[in-house]
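Biologist: Could we go through this chain together? I would like to begin with one residue and then move to the overall fold.

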Amino acid sequence: MIIQGTETLTSFIHILSESLLTPVIVLLVISIIIVILAFGGLINEYISRKPISSRDLEDLVRRVSFSSNVNQMKEEIINSGLFDYQKEILTRIADNYDIGSQARKALASELISAHETRLIKKTNKTDILVRVGPSLGLLGTLIPLGPGLAALGTGDIATLAESLTIAFDTTVTGLTVGALAFLISKYKKQWYETELIDVETVAEAELETIDKW
């Protein structure tokens, strides 16, 4: 039983939901393009990146710890197998050897935190797509089912088949976007977390050594 006076509201909602199908499909297409490009970037980064090994990191920490002056310390860092951004952070800490101990620690923490924020921004798009992709897929599934079920009631099998095809296609696309985005974000965050730990380890050795001078 439909309550009297709700026909206008239900008609409005029906029109609104059907009008959302095209934007949903467009957003799904944009999402799949973004995630494919991001996946290509992930593969390229995996092939090109050469992180420092644990043994080399240990050797670097020892060399930094036994440095007798700032120039020697910077030279050890620059000649290491660290990434360029890691070297930049560590050399900036070394350049401020002449300030107070607490100020130097605060500066080191700020430099590392600032770059951590920049690294996090690199995964923002895929983090969003992890949630948005399946949601768009669900919308693309539900929206065509209304006209499809209505067509079934009138025996219009062709319209029903078309609606179900759209529903299944959008579901598969949305889940694919979410799955790929999750993998991209997961691997990149693991890489960046390891890199930041390496920076913090060497930075701690720097700070302790500078305090001894």
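**Discussion of the chain**

Modeller: Arg 131 lies in helix H7, which covers residues 124–153; helices here are DSSP runs of H or I with at least four residues, strands are runs of E with at least two, and both are numbered from the N terminus. This is a predicted model, in which local features need pLDDT of at least 70 and side-chain atom pairs count only at pLDDT 80 or more, while totals for chains, interfaces and linings use all residues. Residues are numbered from 1 along each chain as its sequence is written, and side-chain values use heavy atoms, with hydrogens and water left out.

Biologist: Is Arg 131 buried or exposed?

Modeller: Arg 131 counts as exposed, at 65% relative accessibility. Buried means under 20% relative accessible area, exposed over 50%, and partly exposed in between, with a 1.4 Å probe and protein chains only.

Biologist: Changing topic: how many helices and strands does the chain have?

Modeller: There are 8 helices and 0 strands. The chain is more spread out than a compact globule, because its radius of gyration is 27 Å, well over the 17 Å that the globule rule gives for 213 residues. That radius is taken over C-alpha atoms, and the rule is 2.2 Å times the number of residues to the power 0.38.

Biologist: What box do the C-alpha atoms fill?

Modeller: Along the principal axes, the box is roughly 90 × 40 × 20 Å. Of the 213 residues, 34% count as buried.

Biologist: What share of the contacts with a separation of 6 or more comes from residues 24 or more positions apart?

Modeller: That share is 76%, where a contact means heavy atoms within 4.5 Å.

Biologist: How many aromatic pairs are there?

Modeller: The structure holds 1 aromatic pair. Tyr 46 and Trp 191 are stacked, at 6.3 Å centre to centre and 20° between the planes. Rings of Phe, Tyr and Trp (its six-membered ring) pair if their centres lie within 6.5 Å; planes under 30 degrees apart count as stacked, over 60 as edge-to-face and the rest as tilted.

Biologist: Which helices hold the two residues?

Modeller: Tyr 46 is in helix H2 (residues 21–48) and Trp 191 in helix H8 (residues 157–212), so the pair links distant parts of the chain, 145 residues apart.

Biologist: Which of these two is buried, and which is exposed?

Modeller: Tyr 46 is exposed, with a relative accessible area of 59%, whereas Trp 191 is buried at 13%.
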